[in-house]
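Q: Could you walk me through this structure while I look at it?

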Amino acid sequence: MGTIFSSILGHPDACVSPGTSLGDLPESCVASVLEYMDPQEICKVALLNRAFRGASFADFVWESKLPLNYEALIEKLFDNFPSNLCKKEIYSRLCRRNFFDGATKEAWLEKRSGKTCLLISSYGLAITGIEDRRYWNRIPSGESRFESIAYLQQTWWFEVNGEVEFPFPVGSYSLFFRLHLGKRTKRFCRQVCNSEHVHGWDIKPVKFQLATSDGQHATSQCYLREPGSWILYHGGDFVVENSAVLTKVKFSMTQIDCTHTKGGLCVDSVLIYPSELKKSLKRF
């Protein structure tokens, strides 16, 4: 549809009678075409003229881009959401970073697809020993969306648990732990990685587990490697088939082999992302 519409824009004389222009098309006709375009394309063509701009505000156009359970998302994320917003404004609000649960979590719609994404900060995770400064520290970081990470110097027993109950729209989702081997610091206006405390992650793998309230389970394990880079480690996938009920997801990351210590790890967050959009995570 986008290709067809582009050809119309490029060759108006082929579709419009002499003496008329695209600006003469009824807004209702234009809106019917916009319904088949993605949100970013709609915003671009809205700049063409007044008719296209008016059509770009049609509620039925943007309702087709919103998740079917968008009202449940609004109820979860906002305490006082304006009742007089058009569907385009609702879509725009949901695409922003919307914090909830004491700002330990955030959710948003991916702008191009309208798919739901969720991020849980290290403050929203249950980290064994996090209060003991001999092993763990909370440190500020401009590389975190929450501006803070949990840094492990050394431990025998590593365990990170978390859970979230959320009105996920129907679809497939992938869960990732965002981790970094080595302590990132800024020196002479440059980010450098201190790998002094990195050890133990190549001896035994880390185990990831995931379980949902409707009985889905996933287990995997891998070694942590590549110091100096933020990496999304895949913790499992799950499928939501009924958006009318809340889905509870429990997840964990453990390395509890006490035959050796491990350390030098930064824990930033846990990301739940639409599985079909995983390729775009290279820029996350």
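This is a predicted model: local features need pLDDT of at least 70, side-chain atom pairs count only at pLDDT 80 or more; totals for chains, interfaces and linings use all residues.

Q: OK, the open sheet of five strands: what order are they in?
A: The order is β4-β7-β14-β11-β12, with antiparallel pairing; strands here are DSSP runs of E with at least two residues, numbered from the N terminus, and two strands pair if DSSP finds at least two bridges between them.

Q: And which are the edge strands?
A: Those are β4 (126-127) and β12 (217-222), each of which pairs on one side only.

Q: How many bridges join β11 to β12?
A: Six bridges join β12 to β11, which covers residues 206-212, and the two strands run antiparallel. One example is alanine 211, whose bridge partner in β12 is histidine 217.

Q: What holds strands of a sheet together in general?
A: They pair through backbone hydrogen bonds, either parallel or antiparallel.

Q: Switching to cysteines, how many disulfides are there?
A: The count comes to zero, a disulfide being a pair of cysteine sulfur atoms within 2.5 Å.

Q: Is cysteine 117 buried or exposed?
A: Cysteine 117 counts as buried, at 1% relative accessibility, where buried means under 20% relative accessible area, exposed over 50%, and partly exposed in between, using a 1.4 Å probe and protein chains only. Cysteine 258, by contrast, is partly exposed, with a relative accessible area of 41%.

Q: How many salt bridges does a search of the whole structure find?
A: The search finds eight, counting a side-chain nitrogen of Lys or Arg within 4 Å of a carboxyl oxygen of Asp or Glu.

Q: What does arginine 178 meet in a salt bridge?
A: The side chain of arginine 178 meets that of aspartate 268, at 2.8 Å from N to O. Aspartate 268 lies in strand β15 (residues 265-274) and arginine 178 in strand β8 (residues 171-181), so the pair ties together parts that are 90 residues apart in sequence. Aspartate 268 and arginine 178 are both buried.

Q: And where are the partners aspartate 257 and lysine 204?
A: Aspartate 257 is in the loop between β14 (247-255) and β15, while lysine 204 is in the loop between β10 (190-194) and β11, 53 residues apart. Their closest N and O atoms are 2.4 Å apart in the salt bridge, and lysine 204 is partly exposed at 33% relative accessible area.

Q: Let's turn to aspartate 101: where does it lie?
A: Aspartate 101 lies in the loop between β1 (98-100) and β2 (105-109). Its side chain meets that of lysine 105 in a salt bridge (3.1 Å, N to O); aspartate 101 is partly exposed, with a relative accessible area of 42%, whereas lysine 105 counts as buried at 7%.

Q: What about the phi of aspartate 101?
A: Aspartate 101 has a positive phi of about 55° although it is not a glycine. Most residues other than glycine have a negative phi. Alanine 103, found in the loop between β1 and β2, also has a positive phi, of about 65°.

Technical notes. Residues are numbered from 1 along each chain as its sequence is written. Side-chain values use heavy atoms; hydrogens and water are left out. Helices (H or I, at least four residues) and strands (E, at least two) are DSSP runs, numbered from the N terminus.
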